[in-house]
Amino acid sequence: MSNWFIVILAGVVVAYVFSRINIHINIQYRRTADDDDLWVHIYLLRRFLVYRLHVPVIEVTKSSSLPWLKSELHAPREKVKTYPKRERRFVKRVLNIYLHHPKKWRTLMRKFRHYRNLYYAFVNQLAKNVYCEKLKCKITYGSEDAAQTGVMIGAFWAVSGLAINGIRRHLAFLRRPEIKIIPSFGKNSFDIDFLCIFRLTVGHVIIASLKLVNFKYKGAAGDG
């Protein structure tokens, strides 16, 4: 009996230690001239890289006067490109269902709401235990018109203030956000350097996942 007790106790200790492991999510976006780069790094204990995503170029394409994003993704073992033409075909098919097949559209919307609710349940549970360790944003904007530069700088300050207040409602900041908005008079420029680091634990992810499973089970029982 004592051996079983030791095994169970050891299992509980290991599970607790594992649940307290920190996960850090680093999101960095940089815009210089016409180049856009986005990095997403996920670490365990700040040392072990679990996942990496790099979007080196974000290009806006146009088709029938409609803008469309085109990008290239770099994951650890693969290189993935987006295909605007294929994505536009998908949108057209969805519009066709909406316009010509109302029953299919209602079924599609029910499924969409179901998975949207699952997503909200998971994110809301996870957000309760996510902390923002660092948020830094530096924006440099300028134009040949000094008045326009002044107006845009004021607008950037207003938007950044609203964004920070909105984030504070959902996440706790461990450090004061660092926001810099720099005017560049007499020169056309728009550069962004953004860095945000989130922290949570493996235990919080497990709890959010269990809540997701419970929410899904209740939803299935309710439908039945």
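What we have is a predicted model, in which local features need pLDDT of at least 70 and side-chain atom pairs count only at pLDDT 80 or more, while totals for chains, interfaces and linings use all residues. Residues are numbered from 1 along each chain as its sequence is written, and side-chain values use heavy atoms, with hydrogens and water left out.

Let me start with pLDDT, the predictor's confidence in each residue, from 0 to 100. The chain has a mean pLDDT of 77, with 79% of its residues at 70 or more; confidence is highest in strand β9 (residues 178-183), at 93, and lowest in strand β5 (residues 66-75), at a mean of 48. Over residues 62-69 pLDDT stays under 50, and the model has 18 contacts there beyond four places in sequence, a contact being heavy atoms within 4.5 Å. Where pLDDT is low, the predicted coordinates should not be read in detail.

Turning to salt bridges, meaning a side-chain nitrogen of Lys or Arg within 4 Å of a carboxyl oxygen of Asp or Glu, the count comes to two. One of them joins D193 and R30, whose closest N and O atoms are 3.7 Å apart. Because D193 lies in strand β10 (residues 189-201) and R30 in strand β1 (residues 22-32), the pair ties together parts 163 residues apart in sequence.

Notes: Helices (H or I, at least four residues) and strands (E, at least two) are DSSP runs, numbered from the N terminus.
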